[in-house]
Amino acid sequence: MSRYTAFCNITTDLQAIGDVSAYDRKRVLPNNWVASGTTHLYYLHNAGSCSVLFKDGKDLGAAQSDEPNTSGEWRYIAADDRIEYFETSSSVAALESANFEEGMDFATLKQQAVNESADLIRSFINRPIYPRKNPNYQGAAGTEYDFILVRINAILAVANLMRRDDPDKAAEIESLAMNEEDSGLLDKLKRREFVLWNETSYRTENGIVQVVSQHANSTGTPQIEIVNPPSVSYDEVKVIIDQGGTFNSSNKNSTITYSVWVKNDDGLKQQQYVISELITGDLQDLCYGAKVIWSPGLYTTGDEFAVTFQSTEVQIGSVRSGQIYR
């Protein structure tokens with residue numbers, strides 16, 4: 001089994017790009033069946049290579065290794081370029097009126113198309129691609145891979161499936177991913193106009209705020225302000241509301257408090273850095289040179305947020321803001 005997988009599925013992701021049901025690449029076989037001389041066994045000469053045989057759209061299953069002797073059984077003899085087919089209660093005329101096709105099982109064909117396209121993507125962008133197995137980190141789309149990879153994989157796979165029967169349409173679809181103007185989604189991903197989840201960006205350096213758990217009635221959220229470059233390569237900071245309440249900008253007697261945990265040698269979220277500090281609405285300590293501003297709203301005791309910092313290079317620049325993602 002390969003260690004590499006496709007980024008998209010072979011059903012809804014492909015259908016989101018185009019209707020691929022008409023591009024199953026089946027080849028209609030000639031209808032010049034002849035009797036073999038063995039009762040109920042028929043030959044189709046000059047058939048061409050056949051890995052899967054279909055009769056009136058039905059997959060007849062795996063080819064036999066020996067001469068067929070049960071209704072519906074078949075095999076292909078490559079040396080003679082001949083299909084042998086066994087059918088009781090039939091005749092040459094009946095077989096010639098049926099629709100025989102050869103091809104690949106459609107699910108297998110689609111899987112091959114998405115696998116080949118995924119390999120192309122890996123080679124083209126030439127940088128690490130990692131799955132997100134933990135559903136808490138998979139984003140709104142709930143996919144193991146970044147949605148931009150899912151979409152590009154589907155585009156290229158659909159173009160691949162269409163290319164033999166409709167090359168113009170295939171080229172049109174493929175251009176959505178890559179084209180001579182370098183304006184396709186894959187072109188942009190290679191130029192890092194799209195950033196994968198594991199890569200450092202201004203967004204990760206600013207601190208990505210995510211809701212871990214929040215009461216249904218809570219409306220307040222933290223916003224991160226970077227006053228100085230973050231002094232950490234990676235951490236997932238835990239922020240908890242210790243004491244809830246309603247906060248507004250004119251509330252001078254707020255009793256709402258928050259605490260912050262950072263990593264230490266024992267792991268993430270192990271060391272308390274801020275202890276039950278009152279929320280004021282001003283810039284307040286978070287960690288690693290970052291400040292937090294608490295927006296007006298209702299906070300409930302136990303509301304928890306995670307702030308992820310990731311930085312491979314220290315960015316020098318102006319004050320920037322982190323946004324909250326749910």
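Where is the place of Arg122? Arg122 lies in helix H3, which spans residues 106–125, where helices (H or I, at least four residues) and strands (E, at least two) are DSSP runs numbered from the N terminus. The structure is a predicted model, in which local features need pLDDT of at least 70 and side-chain atom pairs count only at pLDDT 80 or more, while totals for chains, interfaces and linings use all residues. Residues are numbered from 1 along each chain as its sequence is written, and side-chain values use heavy atoms, with hydrogens and water left out.

Leaving aside residues up to four places away in sequence, Arg122 touches Tyr4, Thr5, Phe7, Ile129 and Tyr145, a contact being heavy atoms within 4.5 Å.

Val20 is placed in the loop between helix H1 (12–15) and strand E1 (27–28), and with 1% relative accessibility Val20 also counts as buried. With residues up to four places away in sequence again not counted, the contacts of Val20 are Gln15, Phe106, Lys110, Val158 and Leu161. One of these, Lys110, is 90 residues apart from Val20 along the chain, and the C-alpha atoms of the two are separated by 9.1 Å.

Strand E18 (residues 304–310) is largely enclosed by the rest of the structure, because seven of its seven residues are buried. Both faces are covered, with Glu304, Ala306, Thr308 and Gln310 buried on one side and Phe305, Val307 and Phe309 buried on the other.

| Partner of E18 | Residues | Bridges | Example of a bridge pair |
|---|---|---|---|
| E9 | 208–213 | five bridges | Ile208 with Thr308 |
| E11 | 234–243 | seven bridges | Val237 with Val307 |

Strands of a sheet pair through backbone hydrogen bonds, in either a parallel or an antiparallel sense. Over two bridges, E1 pairs in the antiparallel sense with strand E8 (residues 100–103), and Val28 stands opposite Glu101 in E8.

Definitions and conventions
Buried < 20%, exposed > 50% of the residue type's maximum accessible area, 1.4 Å probe, protein only. Pairing = 2+ DSSP bridges.
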